[in-house]
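I opened this model to look up a few things and kept short notes. The entries follow the order in which I looked.

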Amino acid sequence: MKYCSSIFPYAKTFDEHSRRTLDHELEITWFHMALKKLATEHGLTLYWQQADLKCTISPDAMFALTNPLKPDGKNTLYYFLEIERAKIGHYVNGKPSVITKLQKYYNYYNSDACQKEWHFRQFRTIVVQRNEERSTNLLKELAQQFNHRTFWLTSEDAYKQDIGGRVFRTPRDFATAAYSILDISK
């Protein structure tokens with residue numbers, strides 16, 4: 001299942017990357033392994049795409065979870081993954097770089113461009129941050145600008161402890177609610 005074409009079909013070798021990039025790639029792999037285990041344990045089908053992702057947005061990965069017990073057309077949920085290491089204070093052109101990146105996802109949600117490039121319109125953007133403090137700070141910032149449940153934030157420690165637990169929070173209700181990937185796949 002291929003969703004988006006790229007003009008850069010050639011894979012990179014690790015020789016071309018810095019240590020920071022290797023840590024980033026390793027975190028993507030850990031998330032993937034945890035998600036695969038969760039899907040297997042709960043009878044879900046996981047589709048994972050980590051290459052050929054350059055479209056209007058360029059996520060670290062795209063994945064879909066399908067519950068085969070639900071009717072077709074209502075059984076698959078789509079996600080974009082962002083492993084975010086930058087602090088909110090990292091400004092580019094007068095705005096925090098992470099906010100600029102997430103604004104693209106916000107504008108892309110339920111758009112014709114998303115439908116054309118990926119063949120779906122609605123999705124969750126999973127944002128994994130180094131720690132809970134950074135996650136909370138970003139949630140506060142997003143609540144002011146993009147008060148929407150398309151963003152699901154967590155920390156590295158939280159998802160590694162229990163990716164199926166209530167470890168995801170949204171800008172809309174982060175102070176009062178937490179969500180599980182399993183909530184919306186039932």
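**Ground rules.** I am working with a predicted model, in which local features need pLDDT of at least 70, side-chain atom pairs count only at pLDDT 80 or more, and totals for chains, interfaces and linings use all residues. Residues are numbered from 1 along each chain as its sequence is written, and side-chain values use heavy atoms, with hydrogens and water left out.

**Helix H4.** I took helices (H or I, at least four residues) and strands (E, at least two) as DSSP runs, numbered from the N terminus. H4 covers residues 132-145, and its end C-alpha atoms are 20 Å apart, in agreement with the 20 Å that 14 residues should span at 1.5 Å a residue. The expected span is 1.5 Å times one less than the number of residues. I looked up which residues of H4 are buried (under 20% relative accessible area; exposed is over 50%, partly exposed in between; 1.4 Å probe, protein chains only). They are Arg 134, Ser 135, Thr 136, Leu 138, Leu 139 and Leu 142. These pack against helix H2 (97-108), strand S6 (124-129) and strand S7 (151-155). At the N-terminal end, Asn 131 caps H4, with a side-chain oxygen 3.2 Å from the backbone nitrogen of Glu 133.

**Thr 170.** I found Thr 170 in the segment after helix H5 (156-162). Thr 170 counts as buried, at 0% relative accessibility. Beyond its neighbours within four places in sequence, its contacts (heavy atoms within 4.5 Å) include Leu 139, His 148 and Trp 152.

**Salt bridges.** I searched for side-chain nitrogens of Lys or Arg within 4 Å of a carboxyl oxygen of Asp or Glu. The whole structure has 8 such salt bridges. One joins Glu 27 and Lys 160 (3.3 Å, N to O). Glu 27 lies in helix H1 and Lys 160 in helix H5, so the pair ties together parts 133 residues apart in sequence. Glu 27 is buried at 1% relative accessibility, while Lys 160 is partly exposed at 39%. Another joins Arg 169 to Glu 132, with the closest N and O atoms 2.6 Å apart. Arg 169 is in the segment after H5 and Glu 132 in H4, so this pair links parts 37 residues apart in sequence. I also noted a network of salt bridges linking Glu 82, Glu 84 and Lys 101.

**Backbone.** Asn 110 has a positive phi of about 60° although it is not a glycine. I placed Asn 110 in the loop between H2 and helix H3 (112-118).

Technical notes
Polar contact = N/O pair within 3.5 Å; in protein donor to acceptor, adjacent residues only side chain to side chain.
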